[in-house]
Amino acid sequence: MGWHWCGVFALRSRPELPGSRDSVIFESTRLERNKHRNQSAELNARQGDVETEETGLGARVLGDEGGKAWPPRKAESCGATMQRWSPGGRGARLAFPRASGGGQVGPGGRGRGGRKGCGRGRRPSGRGAPAAGRTPSRGSPAPRVPAAPLQFSVISIQAKVGYHGLYLGTDEETLISILTERTNAQRQLIVQAYQAAYGKELKDDLKGDLSGHFKELMVALVTPPAMFDAKQLKKSMKGVGTSEHALIEILTTRTSRQMKEISQAYYTVYKKSLGDDISSETSGDFRKALLTLADGRRDESLKVDEQLAKKDAQILYNAGENRWGTDEDKFTEILCLRSFPQLKLTFDEYRNISQKDIEDSIKGELSGHFEDLLLAIVRCARSMPAFLAERLHQALKGVGTDEFTLNRIMVSRSEIDLLDIRAEFKKHYGYSLYSAIKSDTSGNYEITLLKICGRDD
């Protein structure tokens, strides 16, 4: 039994059995990229039959002592091949196909300067991908890496591998680096490759090897967005009491398409509809409004109708300020179904009619969680990044930290509008989100959150 030092890992192999092959040793080369770049170039020059791509994370494999090359193992999802040679051979490394025409494989799988390469050549379908007619995402500017090498980031992610007698201890630094520097769509490729390589879920190994808030954050990063939101909603409703603020935040900040995906994921996991659980855990006008939002029927059009805005403003005025009592259903219908651009114009028209801001009217006419929900809708319509910056500020201020809210917002908005949230946070509170996280968290949990955040403003 001996120790082998490879990149950032110390590996221990089992004693060799008679006639057995050496243990396989994987080596992460991301932290020693400059050191190995020349070696890769030399290897490519000597072996022109196989093209290689420089990756954020590479792999090295040592073969058997007999000098015979083993058959390559193929990653069916992208055609990358892991070549294995003996110590007496010409070396070993992962080989990835270049895009046809000499272009490099890009994040969407399409070669730049050539025809389609590895992958389907489409924009990832995660939340960071802007829909038709929408502006590009303003997520955290994390590095992007080619799609093909992502299939083999799993090699360095593996925390405990019972593979040819090999044992690796958990390397949190590598885990953080890999998972925070990929898009969610890319992380799902890693999850699939991990399952194919080791026959078990990556999230299960993360749960087994990590602990505390760091574990929860890392598991959140490898969870598909709709599934993550579905689990957040379930967590906010299970047990004694309900986290109404979490319900409000999720249901008011997700698009209609996202809400339909969340509802489907919720039923897949819990075999019960999201609407049924909302109905059983809430009541009154608050329940009606939540169910309307959960149906995903909000208009997503960017166009505004001035006449409709004037009409809706008058309806809201007549339902509240201009009568004895309040017609809550009118508030629910307009605020839960109109698009945010349309609502912004409606609120302007409301001020012209009532000489009051819509928020002041809601505070005066309504109460409880229903009031909180409608106020959240108004603030999202005016500026969703400002609303979420306020939520983060509440999670970080005072004694203790609301990690449940902090994790959710940082993970779910990292590819959408985190840059705008950071700007709003600095604008309203006079210090950066980065510094707030740094002062309220610690350890690997802090490091991961700061990597997601991006940089100090």
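Predicted model: local features only at pLDDT ≥ 70, side-chain atom pairs only at ≥ 80, totals over all residues.

I looked up Tyr431 and found it partly exposed, because its relative accessibility is 34% (buried is under 20% relative accessible area, exposed over 50%, partly exposed in between, with a 1.4 Å probe and protein chains only). Phe425 is buried at 0% relative accessible area.

Residues are numbered from 1 along each chain as its sequence is written, and side-chain values use heavy atoms, with hydrogens and water left out.

Next, I searched the whole structure for aromatic pairs and got 5 (rings of Phe, Tyr and Trp, the last by its six-membered ring, with centres within 6.5 Å; planes under 30 degrees apart are stacked, over 60 edge-to-face, the rest tilted). Phe425 and Tyr431 have ring centres 5.6 Å apart and planes at 80°, so I logged the pair as edge-to-face. Together with Tyr429, Phe425 and Tyr431 make up one aromatic cluster.

I also checked for charges over rings (NZ of Lys or CZ of Arg within 6 Å of the ring centre and within 35 degrees of the ring normal). Lys234 has its charged end over the ring of Tyr270, 5.2 Å from the centre. Arg408 does likewise over Phe404, at 4.8 Å.

Last, Met410: beyond its neighbours within four places in sequence, I found it in contact (heavy atoms within 4.5 Å) with Leu392, Leu418, Leu433, Ile437, Leu449, Ile452 and Cys453.
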